[in-house]
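Let's take a friendly walk through this model, one region at a time. Have the sequence and the 3D view open as you read.

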Amino acid sequence: MRRVYHVARADFLQRVRSRRLVVVLAIVAFFGYLVNVGQIELAYQIENGDALTNVRGANTAAFVGLKAGMTGSMVLLFGGFYLMKGAVGRDRTYNVARLVASTTVSDRTYLLGKWVSNIGLGVVVLVTLAIATVVNHVVHGVGPTKLVALVGPIFVLALPLSALVGAVAVLFESVDRLSGTLGNIGYFFLATFALAGLQSAAGQLPSEMPLWVKSVDLMGHLSVYALTADALLTAVPDAGGVLPSFGTLTGDGPTFRYEGRSWPLWVYAQRAGLVLPAIGTILVATLPFERRPSEADSRTGGWRSRLATLVPTVDRGGDATTEASDPPAVESMSLTRVETRTAWSFWRLVAAETRLAVRGRRWWWYVGTGALIVAPVAVLATAASGDSIDLARRVLVPLAFIWPIFVWSELGVRVTNHRMTDLVLSSNHPIGQLLAEWVAGVVVAVGVSSGLLALFVATGQIGALVGIASAALFAPSLAVAAGVWSRSSWLFEMSYLLVWYVGPLNGAEPVDFVGTTAASVGTGVPFVFMGLSVVLVGTALAHRKMLLRR
């Protein structure tokens, strides 16, 4: 336990000194403000034909505490993974892993320490949210400010979730295939699908819900439902069996007043039970975890790379032996001679950045790219009808602008990841290099969506073409801006996945930047994102200029 403590303490101190954490805590504090002023709502949505009524609770201390607890769970479930991930990778990047491997610290102790550090980071986030909630309730709340009612739900609902999310983050870092962009995407959809199990509780009162349904409640929806059901049914008797909704909800409706009540014992047991799979996840993480050198590439890891380092040789006696292959001698290496530093072309630089962006991918990425190009052409070749074009717009367009995320996630951070920052900044065209990197991202977007472009041009779908142009500009722009400012890919992946999931995939008009619906194009949403793309590229170039002045 002493070794676990010191591993956790060293990692925790490294994290709290990060400027990135300050930005995250500022955002969390802003969430605490939104909870109290009603911008983040916890409501029961009742459908009456085409009409949707939101039954809200008054912002008493007890109800705001529940909303803050749900907010903490939401932040940790969807953002905590990306914030916590990197504890193991950072040690490999700075060769700390080699130092730890030379000690008597076991893999289990090392990973447990990283897990405890993740929990500590979650506590910092929740404490920030708790302080912001209390302060804002004094100003904007209804009724007296009760400290326990405001802060208690935050830690009861969200703290166990930080243990589970922190364990999953360690596991993903321990598996080579999941330590990069693929793992980040996979976790986002895993967290989203994990909430789908709550639908089995719809139409039931809290006393009717089976135990297994309660056990899969990650964010605390069912706990909040059990606590507020009596106050809800007193104000709106027709709301029985309606599960609470959480987020930025619009629409007016009646209000109920929840002043608090004693929490059922099963709520504490269910929240504490989330720690058990977290411990199991950490123990499982020790199986694929390897103390490899920091320069090892996760994309070439595994048994194939280890076999590739061995070459068969034959000794003088004719017996086959296996020896490690020696690296080539320095004298046998050569570099292309640079005749002049002024002979350059921006488009040659774009071509080089494009080759860097698309080469070295997994075979399935190229297969998927080819399928996305060919599928719209096949629709066009089979006499495309209105239904097939609409299907391509609602299905193929969102897929075409999520598939290149493996390429876009490296924009703006490739220079940092390969430790080439000083070399690029000392070159003749550091601004041009970043601009060429962005153009390469746009080229990839246009290439993957080329089949859709052909389909929409042939069928005269001008609105769809506007949406594709918007997405081809926005995604690389967000990637470059987020990459150069955060020096990592997690910020882009998290924010882009969230916008893509809410907008293009689920049809939320205000963020439908690819124009999957005619309504979003009609209101000018793609044009807004085009303008935002210009701003994002400008901020990325401003950051590069700022580095040049140092």
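This is a predicted model: local features need pLDDT of at least 70, side-chain atom pairs count only at pLDDT 80 or more; totals for chains, interfaces and linings use all residues.

The crossing of α3 past α6 is right-handed. On the α3 side, the residues that meet α6 include Ala61, Val64, Ala68, Gly72, Val75 and Leu83. Their counterparts in α6 include Leu121, Gly122, Val125, Leu126 and His137. Sorted by class, this contact between α3 and α6 has 11 nonpolar residues, six polar ones and no charged ones.

Next, the sheet. Four strands make up an open sheet with mixed pairing, and their order is β3-β1-β2-β4. The strands β3 and β4 lie at the edges, each pairing on one side only. Strands β2 and β4 run parallel and are joined by two bridges; Gly57 has Phe256 in β4 as its bridge partner.

Here are the elements with their residue ranges:

| Element | Residues |
|---|---|
| Helix α7 | 147-174 |
| Strand β2 | 51-57 |
| Strand β3 | 244-247 |
| Strand β4 | 255-256 |

Which residues have the most contacts inside the largest nonpolar core? They are Tyr187, Phe401, Trp408 and Tyr496, in a core of 138 residues. Helix α7 supplies the largest share of this core, with 15 residues.

Tyr496 is worth a look on screen. Setting aside neighbours within four places in sequence, Tyr496 is in contact with Phe401, Ile402, Ile405 and Trp408, and also with Phe474, Ala475, Leu478 and Phe513.

Note on methods. Residues are numbered from 1 along each chain as its sequence is written. Side-chain values use heavy atoms; hydrogens and water are left out. A crossing is left-handed if the near helix is turned anticlockwise from the far one by less than a right angle, and right-handed if clockwise. Contact means heavy atoms within 4.5 Å. Ala, Val, Leu, Ile, Met, Phe, Trp, Tyr, Cys and Pro count as nonpolar, Asp, Glu, Lys and Arg as charged, and the others, Gly among them, as polar. A nonpolar core is a set of buried Ala, Val, Leu, Ile, Met, Phe, Trp, Tyr and Cys residues joined through side-chain atoms within 4.5 Å. Buried means under 20% relative accessible area, exposed over 50%, partly exposed in between (1.4 Å probe, protein chains only). Two strands pair if DSSP finds at least two bridges between them.
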